[in-house]
Every structure is written in C-alpha cells, then in structure tokens.
Amino acid sequence: MSGLSKPKGTGGDEGRKGNETWVGVSGGVFTLPAEKGAPGAVQVMKGKNHDEPATDKDGNHKYRTEHENLEGRITSFSERKAQLYDGEETVFLSVHLTAADGTKYRVDLPEFKRHWENFLMRSPGIDFTKDVKLSPYSFEATNKETGKTSLKQGIAIYQDDEKVMAGNIDGLPEATQAKNPKTGKMEWTFLERNEFLRDVVLAQAKERLIAAGGTAPVTAEVAEGVRNVPGSGIGEEDEAF
C-alpha cells in the first residue's frame, strides 16, 4: 500500500485526494482534520493530560483522523515561518512526498521538536531514489539504572522493508549542560546539535535529494494562527528536548 494508511480503527480510504494533502504529526500518529462523525474521526484533546477539548477560533470542537504510516517518494523539502498566537515564531520543515497513485502529501515538522530532530538524524541513510515509509512513534521509556521515565518520540523510516537507522554523523555536537535562567538548575541542552542538524545535515539532505531528481527547496511565509491550520501538528506532546 502506498500513500497514507487507513484511519486507525476503520476500513476507510487512504486520505483525501486533491492537490496536496497536508499531514500533521502528533505523538505516534499522522493526523488529518476531520468532521465530527466521519469514519475514524476522534476528538482532538489538549493540555498536559490531554483532557481538554481543543477548539477552533469559533469555539467548535476539533476532530481528526489518525494514521500509522505514510508511503511515497520524497520529492522536495520546503521551509516556512509562522507566528503562533502567543507571538512565538516557528519554522516548519515540510517534507513533500508523492505516493504511487500520484497523490501528493506534505508532512510538517516543527523545527527543533522531537519528530524534526529524529527525522534529520536518520536522513543521511535515506536513498532519495526510492520510496520511503514513514511511521511516527511515541512511548515512555524507563531507565533501568535510575528508574526515571522519559518520552521517546520520532519518525521511523523504512526502505526496502529495512529500517533506516540514525547513524554517526561527522561533526555532530554533543549535548551540553547550561543553567536554566528560570529555575537556576543545570539542564541538558541540545541547541548546538539541533543548529548543526538544521544548518549542515538538512542542507546535505537537500543536495542529495536534488541530485536524485528532486526539486529545489522553497522558503515561504504564512499567516498567523498556524495552530488552526490543518495538519500543523503543534501540541503539548511536541515540546523540545
């Protein structure tokens, strides 16, 4: 099967057809906005415990379908800037794919968030002349030595039925410790590493994609209110490391 997988828990179709289907990522699923009562539609919840109904600008409850994977050929990358309602400016890496049936998809990954970082860590192993299967994941992992749990999120990438692993990247900075100005505590920061992923690893991926027949990247500005844009994928579970 190529394209977007069927909505979880249904026998529905593989997603909307048309120009380009805008796909979000939330936790361990791809998401598409949906109407209440549509096959596979679930109510969108927000908040730390995901117990608050999410609403649009008119106060209506939001619904979406959730999908486990997306298959197709990566054809281009683009980046766009958007301003959130709280005034924070966010950059999205858009991964454009075309499925075997010609359906075009765009997956938006917020810069410096877990899915973005994990995708770029795996990107050196992608063969851009072949199709990929992208599968988001999200789970709690427990450290056997300390007993502490941490959230693990990312996007598994498969080609030729083999998982594309995150390998050693030459020059990739290690995480460093810095004092949190709000708490005064020393915390691990991945800022230097993520800047390297953006400035070096992503640039290399773009070059390899173009060499494989893809199109040049484009940077576009979009309007405010990205949280209400279908497929933006922004949520509390997408906090940076």
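## The loop at Asp161

Asp161 lies in the loop between strand 12 (149-159) and strand 13 (162-164); strands (E, at least two residues) and helices (H or I, at least four) are DSSP runs, numbered from the N terminus. This is a predicted model, in which local features need pLDDT of at least 70 and side-chain atom pairs count only at pLDDT 80 or more, while totals for chains, interfaces and linings use all residues. Residues are numbered from 1 along each chain as its sequence is written, and side-chain values use heavy atoms, with hydrogens and water left out.

Is Asp161 buried or exposed? With 77% relative accessibility, Asp161 is exposed (exposed is over 50% relative accessible area, buried under 20%, partly exposed in between, with a 1.4 Å probe and protein chains only).

## Aromatic pairs

Four aromatic pairs turn up in a search of the whole structure. Rings of Phe, Tyr and Trp (its six-membered ring) pair if their centres lie within 6.5 Å; planes under 30 degrees apart are stacked, over 60 edge-to-face and the rest tilted. Phe77 and Phe119 have ring centres 6.2 Å apart and planes at 75°, so this pair is edge-to-face. Phe77 belongs to strand 8 (residues 70-83) and Phe119 to helix 1 (residues 114-122), so the pair links distant parts of the chain, 42 residues apart.

Both partners are buried: Phe77 at 2% relative accessibility and Phe119 at 1%. Ring pairs join Phe77, Phe119 and Phe128 into a cluster.

## Charges over rings

Here the criterion is NZ of Lys or CZ of Arg within 6 Å of the ring centre and within 35 degrees of the ring normal. The charged end of Arg80 sits over the ring of Phe92, 4.4 Å from its centre. Over the ring of Trp22 sits the charged end of Arg106, 4.4 Å from the ring centre.
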